[in-house]
Amino acid sequence: MTATAQILETFKKLSKKEQGEFLYEMAKCVIADHAGDPTIRLADADGRCLGFLFGAERATTVPRPLTPEEHAEDARRMANLDNAVTAEEVIALARAGSRAPAPR
């Protein structure tokens with residue numbers, strides 16, 4: 001039996017509370033080992049993705065404050081929802097493809 005299989009077998013015998021504590025400690029180790037990664041992909045040996053793991057500190061980042069010019073532009077777009085994006089912006093975004101940032 002592999003070490004992974006032994007750990008899994010033991011894990012299944014733990015109470016729900018103990019499983020939660022074990023997963024917490026395991027997640028802390030994985031997050032520490034991947035400190036430079038914004039998200040950690042959880043996948044099996046065949047590459048099938050179960051989900052993603054990320055630390056709480058990564059989820060609580062706050063965007064920078066908007067400049068007065070950005071606030072004014074947002075207000076203009078909100079006041080003119082039918083004309084929130086100009087034709088020139090649409091053309092520029094279409095030409096740039098996915099490389100272009102979304103308009104503010």
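**View 1. The nonpolar surface patch.** I7, F22, L23 and M26 make a nonpolar surface patch of about 360 Å², in a model that is predicted. Patches of this kind are made of residues with over 30% relative accessible area and no salt bridge, nonpolar side chains (Val, Leu, Ile, Met, Phe, Trp, Tyr) being joined within 5 Å. Helix α2 contributes the largest share of the patch, 3 residues; L23 lies in this helix and is partly exposed, with a relative accessible area of 48% (buried means under 20% relative accessible area, exposed over 50%, and partly exposed in between, with a 1.4 Å probe and protein chains only).

**View 2. The aromatic pair of F11 and F22.** The structure holds 1 aromatic pair, formed by F11 and F22, whose rings are tilted, with 5.6 Å from centre to centre and 50° between the planes. Rings of Phe, Tyr and Trp (its six-membered ring) pair if their centres lie within 6.5 Å, and planes under 30 degrees apart count as stacked, over 60 as edge-to-face and the rest as tilted. The pair links distant parts of the chain, with F11 in helix α1 and F22 in helix α2 (residues 16-33), 11 residues apart; helices (H or I, at least four residues) are DSSP runs, numbered from the N terminus. F11 is buried at 16% relative accessible area, whereas F22 is partly exposed at 33%.

View 3. The whole structure contains 9 salt bridges, each defined by a side-chain nitrogen of Lys or Arg within 4 Å of a carboxyl oxygen of Asp or Glu. In one of them K28 meets E25, with the closest N and O atoms 3.4 Å apart, and both residues lie in helix α2, 3 residues apart, about one turn of the helix. K28 is partly exposed at 42% relative accessibility, and E25 is partly exposed at 41%. The side chains of D46 and R48 form another salt bridge (3.6 Å, N to O); here D46 is exposed at 63% and R48 is exposed at 56%.

View 4. A network of salt bridges links E73, R76, R77 and E89. Within it, E73 and R76 have their closest N and O atoms 2.8 Å apart, and these two residues lie in helix α4 (residues 68-79), 3 residues apart.

**Notes to all views.** Residues are numbered from 1 along each chain as its sequence is written, and side-chain values use heavy atoms, with hydrogens and water left out. In this predicted model, local features need pLDDT of at least 70 and side-chain atom pairs count only at pLDDT 80 or more, while totals for chains, interfaces and linings use all residues.

Notes. Patch = residues over 30% accessible without salt bridge, like charges linked within 9 Å, V, L, I, M, F, W, Y side chains within 5 Å. Areas by Shrake-Rupley, 256 points an atom, 1.4 Å probe, with all protein chains shown as cover.
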